[in-house]
Amino acid sequence: MIIADYHTHTTFSFDGKCPMELMCKSAYEKGLHEIAFTEHVDAGVNEDYVIKDIKGYHESILAMREKYPDLKIRLGLELAPFGEHKKKADAIEAQLPMDFRLLSCHEAGGIDPYLMECYEGRTRHQAVMLYYESIYRNVKRYESFSSLAHIGYMYRYMKRYGLYGEDERGYLPGDGGDLLDLILKRVIEVGAALEINMSEYKDFGVTMPAIPIIDRYVELGGEIMTYGSDAHKAEDILRNYNDALCILKNAGVKYIATYDQLRQIQHKL
């Protein structure tokens, strides 16, 4: 079975904690076959979260491929531009020989959900709907992408900040309304994968997306997912990987995907 982590960040991202060499060393020691680096491009939402040293990022990828020839190192970006700022994201992407395009959403109503400002003066329903509306705009804006990242990012902060009622801080049936189905159908339509993000599993016992969303994806005909640790430091690479595989198998997901020069490679679960 392929062992691949397709959502990681280095110090080329503003919030990365480890240089690429330490991330690759950890990946190699943990027995990974592949690792994809997905540095942030949050143009228009949080300009700190936009990769600055594009040339240095590419050169580091090449250097690490030479140093770790047995580890497939994929060059990716986590693309989460807002509105007209997609042009800036496109310009960054055009400078890189892309392997993997991880489409993401870090905003609701133009504000990152990690900021309390995102929730002030809004009911839970209003905040959640703004979030799903943003995801839908992003998946419609891109004609193609490799995988859709961490549906449920907003719930992470609802839990951390203790917002709304205790039983209302995670996914609830009906969240997103018809938009959720439209988002999942769009992923299927463009032949992309859906990410299972395990960054909140240890602390909160939840996946992004929640298991009912994965079940719905399969019901709609979805078959392909990527695994992402969302590691920002070396020790978090491959976290909860076996748990992720069990969840995907139980849901009926058929394939884990990896990517090479944006070409999807399917591995049977």
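Student: Which side chain meets that of Glu223 in a salt bridge?
Tutor: Start with the term: a salt bridge is a side-chain nitrogen of Lys or Arg within 4 Å of a carboxyl oxygen of Asp or Glu. Here the side chain of Glu223 meets that of Lys254, at 3.2 Å from N to O. This pair links distant parts of the chain, 31 residues apart. Glu223 sits in the loop between H8 and strand E7 (224-228). Lys254 sits in the loop between helix H9 (241-251) and strand E8 (255-260).

Student: What kind of model is this, and how are its residues numbered?
Tutor: It is a predicted model: local features need pLDDT of at least 70, side-chain atom pairs count only at pLDDT 80 or more, and totals for chains, interfaces and linings use all residues. Residues are numbered from 1 along each chain as its sequence is written, and side-chain values use heavy atoms, with hydrogens and water left out.

Student: How many salt bridges does the structure hold?
Tutor: It holds 18. One of them joins Arg216 and Glu219, with the closest N and O atoms 3.0 Å apart. These two residues are three apart in helix H8 (residues 211-219), so about one helical turn separates them. Arg216 is partly exposed at 28%, while Glu219 is exposed at 57%.

Student: Which residue does Arg239 bridge to?
Tutor: The side chain of Arg239 meets that of Asp236, at 3.3 Å from N to O. Asp236 is buried, with 17% relative accessibility. Elsewhere, salt bridges that share partners join Arg156, Arg160, Glu200 and Asp230 into one network.

Student: How much space lies in the largest pocket?
Tutor: First, the idea. Rolling a probe the size of a water molecule over the atoms shows where empty space is left. On a 1 Å grid over the protein atoms alone, a cavity is a set of points where a 1.4 Å probe fits but cannot get out. A pocket is an open set with protein on both sides within 12 Å along at least five of seven lines, and lining residues have an atom within 4 Å of a point. Grid points are joined across faces, edges and corners, and a volume is the space filled by probe spheres set on the points. Here the largest pocket has about 620 Å³. Of its 29 lining residues, Arg156, Tyr157, Arg160, Asp230 and His232 are the closest to the centre. Helix H5 (153-160) and helix H7 (201-204) each give at least two residues to this lining.

Student: What classes of residue line the largest pocket?
Tutor: Ala, Val, Leu, Ile, Met, Phe, Trp, Tyr, Cys and Pro count as nonpolar, Asp, Glu, Lys and Arg as charged, and the others, Gly among them, as polar. The lining of the largest pocket has seven nonpolar, eight polar and 14 charged residues.

Student: How much space lies in the second largest pocket?
Tutor: About 210 Å³. Its lining has 23 residues, and the closest to the centre are Lys159, Tyr171, Val206, Thr207 and Ala210. The largest share of this lining, three residues, comes from H5. By class, this lining has twelve nonpolar, four polar and seven charged residues.

Student: How many residues of H5 are buried?
Tutor: Six of its eight. They are Tyr153, Met154, Tyr155, Arg156, Tyr157 and Met158. Helix H4 (124-141) is included in what covers them. Just after H5, Gly162 takes a positive phi of about 65°.

Student: Which residues does Glu93 touch?
Tutor: Contact means heavy atoms within 4.5 Å. Not counting residues up to four places away in sequence, Glu93 touches Leu77, Leu79, Met98 and Arg101. Glu93 lies in helix H3 (residues 86-93) and is buried at 11%.

Student: How many strands form the sheet?
Tutor: Strands of a sheet pair through backbone hydrogen bonds, either parallel or antiparallel. Two strands pair if DSSP finds at least two bridges between them. Here nine strands form an open sheet in the order E1-E2-E3-E4-E5-E6-E7-E8-E9, with mixed pairing. Strand E1 (4-8) and strand E9 (263-268) are the edges, each pairing on one side only. E1 pairs with strand E2 (residues 34-41) in the parallel sense, over three bridges. Thr8 has Phe37 in E2 as its bridge partner.

Key: Helices (H or I, at least four residues) and strands (E, at least two) are DSSP runs, numbered from the N terminus. Buried means under 20% relative accessible area, exposed over 50%, partly exposed in between (1.4 Å probe, protein chains only).
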